[in-house]
Amino acid sequence: MQPLPANPARPADAAIAAGRRRLKVLSVIFALAFLSIGIRLVDMVVSGDQHGLLVKSRNPATPETRRADITDRNGELLATDLLVPSVYADPLLIPDIGEAARELARILPGVAAPALVKKLEESKRFAWVKHQVTPMEQAAVLELGIPGVGFRYSEQRVYPKQNLTSHVVGFVDGDNHGRAGIEGSFNERLTGGPRQGKDPLVLSLDLRIQQIVHEELATAMRRFRPIGGVGIFYDVRTGEVLSLVSLPDFDPNHVEEATKQSQWNRATGNSFELGSLFKIFTTAMALDTGQVSLKDSFDATAPLQIGRYRIHDSHNEGRWLSVPEIFMLSSNIGTARMAFAAGGADPERAFLEKVHLMARPELEIAERAKPQLPRRWVDITTATVAFGHGLAVAPISFVEAAAGIVNDGMRAPPTLLKRDPAVPIQLERLVSEKTAKDLQLLMWLTVQKGTGTHAQVPGYLVGGKTGTADRADPVRGGYLRNSVISSFAGVFPIDDPHYLVLIMLDDPHGDAAVHNLRYGAWTAAPVVREIIARSGPILGVPPSRPGADAAMQDELAQALGASARGTGKDRHVATVANAQ
Amino acid sequence: MMLRYVITATVLVVLAAGAVFQLKYKVVGLERERMAIETQLRSERWTLQTRKADLAYLVRPDRLALQAAQLGMRPATSALIVNVDQIGDRQQIELANNPVAVTLPSGAAVELRLKPVQIFSLAARGRTP
């Protein structure tokens, strides 16, 4: 017989004790769980749901994720996001897929019925029919009333001004990421990255001026048939770009239809040899070094021979020319001799570096061309660079540098964003005030009596410089025959410079009205004239006072007479002889 | 005594539960209302954005230029802007702008305006557009 346990209650007590322990453990676990939920709830209430979990879970449809708008300096909308519907289908709910596909293909351009049937048959519960349809297409789909066909909404970037500002504003890709222009370079700012707001990005562009430059340049493109054109309107005092046009252009709403040619931003992304426009820099350099004065003269009686190269003038005067004559008649020979008189290669290169022409333009977009510099800077290089050949820069680089010279020698950093008038601009001195004034006088003289007379505008004193450069042959090297880059840079009012306008035409063809000439004086200068005449009143530029012409004449006479030098002739004969 | 406390506490608990239920019901209702308003607000913002884009499209400078002739508009020219000090004798013009009350011999009261000797004329300066 088996003995009874000593204490029969013991196993039951142990079971109860174990049960209590388990209950305690379970209670602790539940308490911890409830405590953690409670703490999280209190945290969410106090912290205000920083992670947006509540909103996200309840509002999956249209969160505020749009890109910030882009406007011009006056608040005109240039780029914005819109909520655009896309059509989708649930094949399981469609009674007759073949019929539905035929009907949808009939009203939705770009949708093919057989392809749609295949797509719907292969999908189980979801298939896109067409992305981003127009309101009319949406209405037509609704009219069909096909069960299982619906809409989903997504943001789409829209450019209401179409082509007008395409090269500055740029465009976005299918995922709304900036790919070019301001859209590309300010992507984080526009998408509201860390510490970024959703305020519109305000550009320096003035849409009214942009339209004028675009319209006048397009007219010149139709008339002179160049392969491309550039128009830039620049505030020399603030460095703000009021207008930047590169033609041909494209509609950023339909980038997929744009050709590569039209997507090129010739104003900032391409380098060109700008020809005689460079005489502004050579003359400024020569005057600023103190080696040359307005009263000096240079021998332009015969072509300048440097090694095996001969430098000609397009209109040979066959005589000695004074510095003002060299500038206003755009003498290559005289300008080359002036460069040598100022010291030759070293000062020339140093000056071009000083005016920022040896580096990429400083602008807030990625499309900025590197200048094409000569590999060796020998005598012939010094001579050709002096009149704008052998060194290619982006048109905007030229504008930045020339603006710095005419603005009393002070350069304002260029920008595509509107400046805050309360924030002082960091100006940089490029040339002395005296040199800047001399250049203003020479540019005024060029428009009054020189090659730029077609840029005269009633009511305004305009100064300027013409440019006609041979086009480089990209295939065989050297230069193309009968193919030029024509340009004109105008400054107004030249007695108190405020704005600089550059027009450049790439390979224009003159018509009978301009005697079939392709020179900048005949093709580009009249375009600048029209732009100044139309934009001056809009910008509130007061017309020049009566007698302003006479005052400029007096200043020029004073500058010519004030020089303490002799004729300078003998001194420069030796310099030029060395060059030969 | 104990029973009274228990009944009071039970009633209080039931009342509190009822109040909490009502409060929760109202909170849920308000939450739904808030969500509806937020959705509507978002929708209105997008509508507003669409209208802004529409307006920006319709006031394209090239479109306005095409309609300018119909609206009798002309391009601005520099001839339409003058400096203030170019406008004749401004004192005389200001005088002309201030009528003087005069009593005629007949007893009638009239306003007398002085005619400036010289006034600025765009046409006379050959600057009419």
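User: Where in chain A is A:Asp251 placed?

Analyst: A:Asp251 sits in the loop between strand 9 and helix 10 of chain A; helices (H or I, at least four residues) and strands (E, at least two) are DSSP runs numbered from the N terminus. Keep in mind that this is a predicted model, where local features need pLDDT of at least 70 and side-chain atom pairs count only at pLDDT 80 or more, while totals for chains, interfaces and linings use all residues. Residues are numbered from 1 along each chain as its sequence is written, chains are lettered from A and ligands numbered from 1 in the order in which they are written, and side-chain values use heavy atoms, with hydrogens and water left out.

User: Which side chain of opposite charge is nearest to A:Asp251, and how far away is it?

Analyst: Start with the general idea: side chains of opposite charge can pair when their charged atoms come close. A salt bridge here is a side-chain nitrogen of Lys or Arg within 4 Å of a carboxyl oxygen of Asp or Glu. A:Asp251 has none, although it is buried, and B:Arg60, the nearest side chain of opposite charge, is 8.9 Å away. Buried means under 20% relative accessible area, exposed over 50%, and partly exposed in between (1.4 Å probe, protein chains only). For charge, Lys and Arg count as positive and Asp and Glu as negative; His and the chain ends are not counted.

User: What lies around A:Asp251 instead?

Analyst: Leaving aside neighbours within four places in sequence, A:Asp251 is in contact (heavy atoms within 4.5 Å) with A:Gln162 and A:Asn163. A polar atom of the A:Asp251 side chain also lies 2.9 Å from the backbone nitrogen of A:Asn253.

User: What about the backbone of A:Gln162?

Analyst: Most residues other than glycine have a negative phi, and most peptide bonds are trans. A:Gln162 has a positive phi of about 50°, and belongs to the loop between strand 4 (149-158) and helix 6 (166-169) of chain A. A:Gln162 is partly exposed, at 24% relative accessible area.

User: How many salt bridges are counted between chain A and chain B?

Analyst: The count is 1: A:Asp69 with B:Lys52, at 3.6 Å, N to O. Strand 2 of chain A gives the most to the side of chain A that touches chain B, with 5 residues. In total, 30 residues of chain A are in contact with 26 residues of chain B.

Conventions. Polar contact = N/O pair within 3.5 Å; in protein donor to acceptor, adjacent residues only side chain to side chain.
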